[in-house]
Amino acid sequence: MANKHLKLFLIQIGAVLLSILAAFVVGAVLMLLIKVNPIEVYWKLFEGVLLTPYGIAQTIFKATPLIMTGLAIALGFKAGIFNIGAEGQMIVGGFLCAYAGFSFHGLPPVLHIVICAAAAFAGGLAWAAVPAILRVKTGAHEVITTIMMNFIALALTNYFITYYFHLPETVHTQLIAPAAGLARMDSFLGAFRGSPANMAFFIALALSACVWWALWKTPYGYETRAVGLSPFAAETAGINVKKNLLVTFLLSGGLSGLASMNFIMGYKHYFEEGFSQGAGFMGIAVALVGQNHPVGIILAAFLFGALSHGTLVINALVPKDIIQILQALVIIFVISSNLAVRKFYSVTDADKK
C-alpha cells in the first residue's frame, strides 16, 4: 500500500512539472504571436527572480502569505472542505492584527508580537466560524457562505477604516507600535537590502511543519484525512465527523488570518484596503498545484511568488497580462493533469486486479 501511494505521489509530481513546462511553452507561443522573443523574456524573468539577491528576497516576500493561505486551503481540502473564504478571513485577521498593534503601547516586543499574531489568528478563526457552524448544523455549502463572508469582510473593514480608525488624510489605520513589528531580513542579510522580506517567512515555514505533523503524525490528522476521503465510512468507524469538520474549518480560518502578518507586522505596519492582493484566492491555486502537501505548497508558493515579482521584472518587454495568463495556464494544466493521472492510475490498478 505504501509503495502504491509513493508511486502515485511521484507520478503526480512528474505531471505537475510537465504541466508547468507546458504552460511556459503555451506562454511562449502567445509571445511569438505578439512578436516578442520568449527566450529573451524567460531569461530576463529567470535572471531577475533567481540570480539577484533582491529578486530572491522579493520572491520570498511574495511567497510568504501564499504559503499560509495555501496551508489553510489544503487543511480544509483534507477534510473535504472547500474554504474559498481565505481572503475574507485574512482581511479580518489583518484588521484585528493592526488593531492590536496600535492599541497597546509599552509592551515587550515578544509579548506584543504574540498578541498581534493571536489577534490575526483569532480574526480569521472567528470569520470562519459562521460558515463552519452553518455547514455542520444545517449542511449549507461552504463555497456559497464563504464567498458571501468575503464580501462582508471587505465592506465591514472598509466601514471601520473610513469612519473610525483611519489616520487623517490617509486611507489606512495608524501605524502599529514598533514593538509589534517583525524584523526584516535585510537587517541581518545585507544582500536583501531594499526588500520587505521579513521574519513572517520563517513563521510560514514553521506552520508548514506543524500542519505536516498534525495531518500525518497525530490521531486528529488521521481522522481528518478519513473524513475527507469518506465521511460516511469515517462515521461508521466511530469518528465524530461534525466535530472534525468544525475544528478543521476553524483552524483553516486561523491560518488564513495569520497570512496578514507579512504585510501588517513585516512591511507597511498598518491595515489598508487591498493589502492582501488576492493572496486568499491565490492560496487555492497554491494548494492545488502543491498537491495539498506542505512541501508542495512551499514550492508552489515560490513559483507563484516568483511569477508575481517577475511581472515587474519583464514589464518593459511584455504586458503584465502575460504573467497572469501564465499563472492561469499553470493552474489549468496542473488540475487537468492531476485528474488525468488519478483516472489513469485507477484504471491501470483496476486492470491488474
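Residues are numbered from 1 along each chain as its sequence is written, and side-chain values use heavy atoms, with hydrogens and water left out. Because the model is predicted, local features need pLDDT of at least 70 and side-chain atom pairs count only at pLDDT 80 or more, while totals for chains, interfaces and linings use all residues.

I start with the helices, which are DSSP runs of H or I with at least four residues, numbered from the N terminus. Two packed helices are described by the angle between their axes and the distance between the axes. Helix H7, residues 200-217, packs on helix H8, residues 219-229, at about 75 degrees, and the axes are 5 Å apart. The axes are lines fitted to C-alpha atoms over the stretch in contact, and angles run from 0 to 180 degrees between N-to-C directions. H7 and H8 are therefore roughly perpendicular, a label that covers 65 to 115 degrees. H7 contributes Ala214, Leu215 and Trp216 to the contact, and H8 contributes Tyr220, Gly221, Tyr222, Thr224 and Arg225; contact means heavy atoms within 4.5 Å. By class, five of the contact residues are nonpolar, two are polar and one is charged. In this scheme Ala, Val, Leu, Ile, Met, Phe, Trp, Tyr, Cys and Pro are nonpolar, Asp, Glu, Lys and Arg are charged, and the others, Gly among them, are polar.

Next, the cores. A nonpolar core is a set of buried Ala, Val, Leu, Ile, Met, Phe, Trp, Tyr and Cys residues joined through side-chain atoms within 4.5 Å. Buried means under 20% relative accessible area, exposed over 50%, and partly exposed in between, with a 1.4 Å probe and protein chains only. Which members of the largest core touch the most others? They are Leu45, Ile264, Met265, Phe271 and Val330, out of 81 residues. Helix H3, residues 53-78, gives the most to this core, 12 residues. Apart from it lies another core of 11 residues, including Ile81, Ala132, Ile239 and Phe249. Beyond its neighbours within four places in sequence, Ile264 is in contact with residues including Gly94, Ile176, Tyr270 and Phe275.

Ala306 is in helix H13, residues 294-313, and counts as buried at 16% relative accessibility.

On to the rings. The whole structure has 22 aromatic pairs, meaning Phe, Tyr or Trp rings (six-membered ring for Trp) with centres within 6.5 Å; planes under 30 degrees apart are stacked, over 60 edge-to-face, and the rest tilted. Phe95 and Phe160 are stacked, at 5.9 Å centre to centre and 25 degrees between the planes. Phe95 lies in helix H4 and Phe160 in helix H6, so the pair ties together parts 65 residues apart in sequence. Phe95 is buried at 10% relative accessibility, whereas Phe160 is partly exposed at 28%. The Phe263 and Phe275 rings have centres 5.4 Å apart and planes at 45 degrees, so that pair is tilted. Both Phe263 and Phe275 are buried.

Last, the backbone. Most residues other than glycine have a negative phi. Lys35 has a positive phi of about 60 degrees, in the loop between helix H1 and helix H2, and is exposed at 79% relative accessibility. Gln291 also has a positive phi, near 60 degrees, in the loop between H12 and H13, but Gln291 is buried, at 14%.

Technical notes:
Helices (H or I, at least four residues) and strands (E, at least two) are DSSP runs, numbered from the N terminus. Angles under 35 degrees count as roughly parallel, over 145 as roughly antiparallel, 65 to 115 as roughly perpendicular and the rest as oblique.
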